[in-house]
Amino acid sequence: MKSKVRVGVIGIGIMGKHHAGNLFRGEIPGAELAAVCDAMPSGLLWAEEQFGGKVARFDNVDMFLNSGIVDAVMIVTPHYDHPELGMKALQAGLHIMVEKPTGVYTRAIRKLNQKAAESGLTFCTMYNNRTLPRYRKMKDMIDSGELGKLTRINFIATDWYRTQAYYNASAWRGTWSGEGGGVLLNQAVHHIDLLQWLCGMPKRVRAFCRYGLH
């Protein structure tokens, strides 16, 4: 029987806990949670309470990546850290999955893409909406030509309002130093991804912003 891929999670915040929990409960076929890493004691304390001694815990990312305990890592930290941690993981010979967005600066993301392509390792970015049944069905219908050729797309998303409690949950949210792009980079990136995944990449993009209109 083929052994399961040993996965480590870097960043035990809200999404990091979600991913780690799914892995630990065996909800990801072919994968198991082997280790977690977080510079914050609160994240490691949570992991100890949830997983006990069954999962290794690290507070130093370099020791974690070079421990030999994991085959792949999930990077679930604030946005700016994604490319750097991804590069380190690839250099350690590990497959990586980065939570969206892949990064803030295009140059850093392209460098990570190139490193991943040269390494022969698996690298992907997590856009969880692609896994939802309604969007998977839409993808199948479009790709199969069931409804004919697409001639016009109107994508409206008005149900993603974030309350202040959302921003209070993590200090980096809603800040230039933590998010690096606000709503467009942290929430609307899901819809931008869905649009190009379902309908293809655009040839030209225009944007309009009326600052202070209301």
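Let's start where two helices meet: in α4, P83, G86, M87, L90 and Q91 touch A108, K111, L112, K115, A116 and S119 of α5, a contact here being heavy atoms within 4.5 Å. By class, six nonpolar, three polar and two charged residues make up this meeting of α4 with α5; Pro counts as nonpolar, and Gly as polar. Helices (H or I, at least four residues) and strands (E, at least two) are DSSP runs numbered from the N terminus.

This is a predicted model, so local features need pLDDT of at least 70 and side-chain atom pairs 80 or more, while totals for chains, interfaces and linings use all residues. Residues are numbered from 1 along each chain as its sequence is written, and side-chain values use heavy atoms, leaving out hydrogens and water.

Now for the geometry. The axes of α4 and α5, lines fitted to C-alpha atoms over the stretch in contact, lie 9 Å apart at an angle of about 15°. The two helices are therefore roughly parallel, the word used for angles under 35 degrees.

From here, step into the largest nonpolar core, a set of 21 residues in which I10, F64, L65, V70, V73 and I96 touch the most other members. Such a core joins buried nonpolar residues (under 20% relative accessible area, 1.4 Å probe, protein chains only) through side-chain atoms within 4.5 Å. Two or more residues each come from β2 (31–37), α3 (61–65), β4 (72–75), α4 (82–91), β5 (95–99) and α5 (106–119), with α4 giving the largest share, four residues.

Take V70 as a guide: beyond four places in sequence, V70 touches R6, V7, G8, A34, A35, F64 and L94. V7 also belongs to a second, separate core of 17 residues, which includes A20, M74 and M126.

Technical notes:
Buried means under 20% relative accessible area, exposed over 50%, partly exposed in between (1.4 Å probe, protein chains only). Axes are lines fitted to C-alpha atoms, for helices over the stretch in contact, and angles run from 0 to 180 degrees between N-to-C directions. Angles under 35 degrees count as roughly parallel, over 145 as roughly antiparallel, 65 to 115 as roughly perpendicular and the rest as oblique.
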